[in-house]
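Okay, thanks everyone, let's get going.

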Amino acid sequence: MTINYLSDLLEQSQSDFVVYDMGRRVVPMGAEQFTAICAQHQPYPFPTQHQAWFAVVFWPKLATSKVEPYLWFLRMPLDERGLLSLTAQQDFMTQVITLLGQQISGALTEQQQQQLQQSAYLFTPAEVKRAALHAQLSKRWQRPPSIYYEHAQSELLSPSSEGWQQLGLQGIHDVCQRLESDQYLTTSIAAQWLDYPEPLQKALAEALEHCQAPDYLYQQLIPKLADVSNSQRLQTLRALAGVAHKADAALDKELPLVAALTELLPHASADELVILATRLWPLLQGELLLEFMQRLAVSQSSELFAGIVSDLLRVPSTRTQLLMLLQQPELPAPVAAAWQQFIIKQSRS
């Protein structure tokens, strides 16, 4: 059989697999979607730094007992159309087949593991994203949470002055993935959000941005955007990332978060603009996109403008909207000037 794509290798090795994006938010991709991406039938939906960053978790289909899955963290370049590089896929598959043959889910020797880890296509994600992935997988497979779960649960219910320092990061992510079945804890987090020590609030926000929390929590956090300090507002934005990725969220003009962001944008900081672009980008549509671009244009940082615009133009779901906006004849002067400067720099590079 011919193996043209990474999905072919997984299927023909008699492996079951799941795939997660690891670039923007740790979120699952369906098998059909991943197969279409590998075959270049659709662009990679969540590009970061002009690359696809994803985890492939796989295990033997015919396993008669529970086996620990294998895990590849892969980064591969995208072409100018946002399609996953065929050359990179074939290069990596050649490395794997040369080392392991087509039975990729067999046990690896220590030497094989070391050799495979030398591949330029493998990477090590940040600890936060590894914790998010492990929490999602344990929930998906209905496995118990980590040993840090109960301690995190207890501390979030009744925070102490120093207890957060002993929390395991994995426990916080396990808690966030299970909030839908813990109404009492959800209510407690909403009520105490502004009272948590800053490091605990930050760790909790980073965990929430990779999951779909209960609507109640979002409803309680959105109004806080208007009343918090700059640091707390940034963490609250991260915690609200799940709202932007709900079905049809970008089409809901009455979404409370859209109204809150409209109020926030005129004085948004550079860090907040980055979070909006990298975590809440589905909401950047219509008037909100225009408000976002105006704030970005007056940020007095051509590097920030260039970085965010380049990033958004690579995201399939925002590219068309952004180009339509930037090509309007009556574009606000600051946006038009920044866009022209961006074009000139791009033509010189």
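I'll go from the overall fold to the aromatic pairs, then the pocket, then a few loop residues.

First thing to keep in mind: this is a predicted model. The protein chain has 18 helices and 4 strands. If you draw a box around the C-alpha atoms along the principal axes, it comes to roughly 60 × 55 × 30 Å. As for burial, 51% of the 349 residues count as buried.

How many aromatic pairs does a search of the whole structure find? The search turns up 13. Let me pick out a couple. Take Phe17 and Phe34: the ring centres are 6.1 Å apart and the planes are at 65°, so we call that pair edge-to-face. The cut-off behind that call is that planes over 60 degrees apart count as edge-to-face. What I like here is that the pair links distant parts of the chain. Phe17 is in strand β1, residues 15-21, while Phe34 is in helix α2, residues 31-38, and they are 17 residues apart. Both ends are buried by the numbers: Phe17 has 14% relative accessibility, and Phe34 has 0%.

The other one I'd show you is Trp59 with Trp141. That pair is edge-to-face as well, with 5.5 Å centre to centre and 85° between the planes. Again we have a link between distant parts of the chain, with the partners 82 residues apart. Trp59 belongs to strand β3, residues 51-60, and Trp141 is in the loop between α5 (127-140) and α6 (149-157). So is Trp141 buried or partly exposed? At 24% relative accessibility, Trp141 counts as partly exposed, because buried would need a value under 20%.

There's also an aromatic cluster, if you want to click through it: Phe58, Tyr70, Trp72, Phe92 and Tyr121 form one together.

While we're on rings, a quick word on charges sitting over them. The charged end of Arg24 sits over the ring of Trp281, at 4.9 Å from the ring centre. Then there's Arg178, which lies over the face of Tyr149, 6.0 Å from the centre of that ring.

The largest pocket comes out at a volume of about 390 Å³. Its lining has 22 residues, and the ones that lie nearest the centre are Gly23, Thr48, Gln49, Lys129 and Arg279. Which elements give two or more residues to that lining? Those are α5, α14 (270-279) and α16 (302-314). Helix α14 has the largest share, with 4 residues. By residue type, the lining splits into 9 nonpolar, 6 polar and 7 charged.

Where is Gln49 found? In the loop between α2 and β3. With a relative accessible area of 59%, Gln49 is exposed. His50 lies in the loop between α2 and β3 too, and has a positive phi of about 65°, again without being a glycine.

Leu194 is in the loop between α8 (183-192) and α9 (198-208), and at 33% relative accessibility counts as partly exposed. Ala268 lies in the loop between α13 (256-264) and α14, and is buried, with a relative accessible area of 3%. Ala268 and Asn230 are 38 residues apart in sequence, with a C-alpha to C-alpha distance of 9.0 Å.

That's my tour, so over to you for questions.

Technical notes
Residues are numbered from 1 along each chain as its sequence is written. This is a predicted model: local features need pLDDT of at least 70, side-chain atom pairs count only at pLDDT 80 or more; totals for chains, interfaces and linings use all residues. Side-chain values use heavy atoms; hydrogens and water are left out. Rings of Phe, Tyr and Trp (its six-membered ring) pair if their centres lie within 6.5 Å; planes under 30 degrees apart count as stacked, over 60 as edge-to-face and the rest as tilted. Buried means under 20% relative accessible area, exposed over 50%, partly exposed in between (1.4 Å probe, protein chains only). A charge sits over a ring if NZ of Lys or CZ of Arg is within 6 Å of the ring centre and within 35 degrees of the ring normal. On a 1 Å grid over the protein atoms alone, a cavity is a set of points where a 1.4 Å probe fits but cannot get out, and a pocket is an open set with protein on both sides within 12 Å along at least five of seven lines; lining residues have an atom within 4 Å of a point. Grid points are joined across faces, edges and corners, and a volume is the space filled by probe spheres set on the points. Ala, Val, Leu, Ile, Met, Phe, Trp, Tyr, Cys and Pro count as nonpolar, Asp, Glu, Lys and Arg as charged, and the others, Gly among them, as polar.
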